[in-house]
Amino acid sequence: MSKLVHAQWSSKMTFVLAAAGSAVGLGNIWRFSYMVGDNGGAAFVLVYLACVAVVGLPVLVAEWLIGRRGQKNPINAMAELAGKNAQPKAWALVGASGVLAAFLILSFYSVIGGWSLSYTLGSVTGTFTGQDADGVGAIFEGLLGNPLLLLLWHTAFMALVVWIVARGVVKGLEGAVRTMMPALVVLMVVLVGYGMTTGHFGEALAFMFRPDWGALSGDVVLAAMGQAFFTLSLGMGIMMAYGSYLGEDVNLLGTARTVIILDTGIALLAGLAIFPIVFANGLSAGEGPGLIFVTLPLAFGNMTGGMLLGLMFFLLLTFAALTSAISLLEPVVEFVEERTPLTRVMATLVSAVAVWLLGIAALMSFNVWPEPVMFGLNVFDLLDTFTSKILLPLTGLGAIVFVAWCLDRRSVAAELNLTGGSEQVWLVVARYVAPLGVILVFVNSLLG
């Protein structure tokens, strides 16, 4: 039993903002943009939207349902629900996998969050002004090659995350998302507005929404499916933890649709903000991960008003990174808080210090410790690969299979307000379509 009364979201809207904030992270702004560029534009976008609906939504609902029914951290929630439904307690491993994934991801995600903080300051000080491609590349390489500088930014980013999470669900998580999510949307809309003035907005629209079906391949479909799964913060224990703070009055399916619309809308806005700038400066949309930290700073440094636009963009990126990072720390803190006598503040500090220490090993992968430690991968790449290719798909698969096959069918239908035909659609999607989609993501990521 928990030693405390479980916290609750103060309103449905703050829960929606928190869940959307978790989903809207570097994956939407950084990963989504370069994946659209790498995979042919509109064909990828349309397949991605379809995959969000048939794979992302049911897994998201399943994770929330587990959290709300369990009213505990993901591990205890899975164990308790398994016991109540005459299922093996080994199902708790699904929750454990999610909490472990969140812990490991935050350790290297914080390093990348530190990059966005560094680039925010660089935009203020005019670091990128007048730089050519070699100069901007040298700035990024200089950051990665300096372990003390990376440690400084990694520490600063984690300190911000700790300050927010330690204050609790209402004062901390809700307070942060109420401020940062509207600010993020405003910054995004301003940047899209600027994109409309570049003369290349129509080109960006066509690139994102006029599909070249000849560019569609099995690899593009699988890439879109993988992005749809990862963009919603699935498989990390986050949505189970957030669901545990939910009251019975929240409609899970309706709320999931709202969160997905917000998450997807911001990802599309990110593309409409980034690609006009890319095309206006004669740059390639298929620059891969370097699109944000090399290609765009080059553009900002050589355009009228680029210092202000760069500041706004990297401030936006930092807000997005923070909203996701606080959600990654939350399931770990919830577990420590419920399983130990530690207060919320101490549970946050202990969890964050452990994450911070692992993050130091991750940031050293770029400079003093680049050597492989396992499977030919350094620490950073190993953490990224192990979580994204193994833990996340397995946790998401476990959650949807548990809800669709192990919980009482009628009680799930009643909780999701499903009747007749809608219940049958849910059963087909939750029992067969979504698990198959996650399995395809899992197998493709392993083979890739």
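Helices here are DSSP runs of H or I of at least four residues, numbered from the N terminus. By that definition, serine 351 belongs to helix H15, residues 344-363.

Colleagues, the model before you is predicted: local features need pLDDT of at least 70, side-chain atom pairs count only at pLDDT 80 or more, and totals for chains, interfaces and linings use all residues. Residues are numbered from 1 along each chain as its sequence is written, and side-chain values use heavy atoms, with hydrogens and water left out.

Serine 351 has a relative accessible area of 4% and is therefore buried (under 20% relative accessible area, with a 1.4 Å probe and protein chains only). Beyond its neighbours within four places in sequence, serine 351 is in contact (heavy atoms within 4.5 Å) with Phe103, Leu329, Val332, Val333 and Val336.

I turn now to the aromatic rings. The structure holds 27 aromatic pairs, a pair being rings of Phe, Tyr or Trp (its six-membered ring) with centres within 6.5 Å. One of them joins phenylalanine 108 and phenylalanine 380, at 5.4 Å centre to centre and 65° between the planes, which is edge-to-face (over 60 degrees; under 30 is stacked and the rest tilted). Phenylalanine 108 lies in helix H5 (residues 92-125) and phenylalanine 380 in helix H16 (residues 379-406), so this pair ties together parts 272 residues apart in sequence. Phenylalanine 108 is buried at 7% relative accessibility, and phenylalanine 380 is buried at 9%.

Which residues do ring pairs link into a cluster? The members are Phe108, Trp115, Tyr119, Phe128, Phe140, Phe293, Phe300, Phe313, Phe314, Phe366 and Phe380.

Technical notes:
Helices (H or I, at least four residues) and strands (E, at least two) are DSSP runs, numbered from the N terminus. Buried means under 20% relative accessible area, exposed over 50%, partly exposed in between (1.4 Å probe, protein chains only).
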